[in-house]
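New page in the notebook.

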Amino acid sequence: MAQQNWDASEYRQHAAFVALLARDLIDLLNPQPGEAILDIGCGDGRLSAEIQQLACTVTGVDSSPSMVAASKHRGIQAYLLDAHHLHAQRTIKQSSFDAVFSNAALHWLNEPEKVIQGVHAALKPQGRFVAEFGGHGNIAALLKAMKEVFDENSSFGEFRHPWYFPKPDQYQTLLKKHGFKVKSIELIPRPTPLNSGLEKWLAIFANSITGHLTAEQNKVFLAAVTDKLKAVLYTRENGWVADYVRLRFEAIKL
């Protein structure tokens with residue numbers, strides 16, 4: 001996974017729903033006082049700070065310099081790190097964490113076996129791996145519309161799907177293969193209001209798809225995607241609602 005150029009202040013303003021929807025995930029993690037917890041894709045540190053307030057010691061890793069800086073500002077020990085390489089980083093000591101936590105990050109990591117191996121190495125025996133990320137069917141309508149717009153505009157180049165959205169049985173197989181017992185794993189449909197609108201969502205989350213477009217091409221892209229999705233994801237009563245589907249699981253290191 002390449003370094004992500006997230007802007008922490010923009011993310012906090014327009015994507016706060018990502019952390020707000022993670023309350024149940026923290027309950028599943030069930031942090032205990034004195035535990036050492038690793039947060040993969042810690043973002044601006046909002047959830048890390050909540051967990052740390054429960055008398056835990058939280059270490060965060062993220063691939064965005066802006067997010068790491070924001071996490072440090074919240075008092076989190078955070079590192080600029082590609083989570084594909086957890087096992088190779090001296091800052092992440094092996095067998096030192098009681099739990100590994102991740103919210104809305106693992107779908108950005110397209111080599112899941114490397115991530116799982118790194119998590120396994122970082123955990124103490126019987127340590128917990130608790131996470132939620134985009135699962136099979138996540139943003140299906142959004143992806144379909146974006147690909148159609150690329151197909152209709154050859155000058156945009158090839159459409160590249162940047163995410164990893166597995167089925168539960170696929171991810172469970174990987175967890176078991178690399179030394180985990182899966183306690184629970186499920187897909188959770190979660191239609192998610194986009195209070196800042198569709199274009200802002202595309203600007204933040206689809207940048208890895210559109211980052212190479214010119215300003216004029218991007219204008220065409222935004223207008224065309226909006227037009228295709230208005231009848232699918234927009235209502236006057238609710239505004240824009242993204243077709244999110246999350247994969248949530250809890251696994252134990254054997």
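**Ground rules.** I'm working with a predicted model, where local features need pLDDT of at least 70, side-chain atom pairs count only at pLDDT 80 or more, and totals for chains, interfaces and linings use all residues. Residues are numbered from 1 along each chain as its sequence is written, and side-chain values use heavy atoms, with hydrogens and water left out.

**Strands.** I looked up S2 (residues 57–62) and S3 (residues 77–80), and found that they run parallel and are joined by four bridges. Two strands pair if DSSP finds at least two bridges between them. Helices (H or I, at least four residues) and strands (E, at least two) are DSSP runs, numbered from the N terminus.

**Aromatic rings.** Rings of Phe, Tyr and Trp (its six-membered ring) pair if their centres lie within 6.5 Å; planes under 30 degrees apart are stacked, over 60 edge-to-face, and the rest tilted. I count 14 aromatic pairs this way. One of them is Phe150 with Phe159, edge-to-face at 5.5 Å centre to centre and 70° between the planes. Both of these Phe residues, Phe150 and Phe159, are buried (under 20% relative accessible area, with exposed over 50% and partly exposed in between, using a 1.4 Å probe and protein chains only). Trp163 and Phe165 are stacked instead, 5.9 Å centre to centre with 15° between the planes. Trp163 is buried at 7% relative accessible area, and Phe165 also counts as buried, at 15%. I also noted one aromatic cluster formed by Phe129, Phe133, Tyr164, Tyr171, Phe180 and Phe249.

**A charge over a ring.** The charged end of Lys230 sits over the ring of Tyr234, 5.4 Å from the ring centre. The rule I used wants NZ of Lys or CZ of Arg within 6 Å of the ring centre and within 35 degrees of the ring normal.

**Cysteines.** How many disulfides are there? I count zero, taking a disulfide as a pair of cysteine sulfur atoms within 2.5 Å. For Cys42, the nearest cysteine sulfur belongs to Cys56, 16 Å away. Cys42 is buried at 7% relative accessibility, and Cys56 is buried at 6%.
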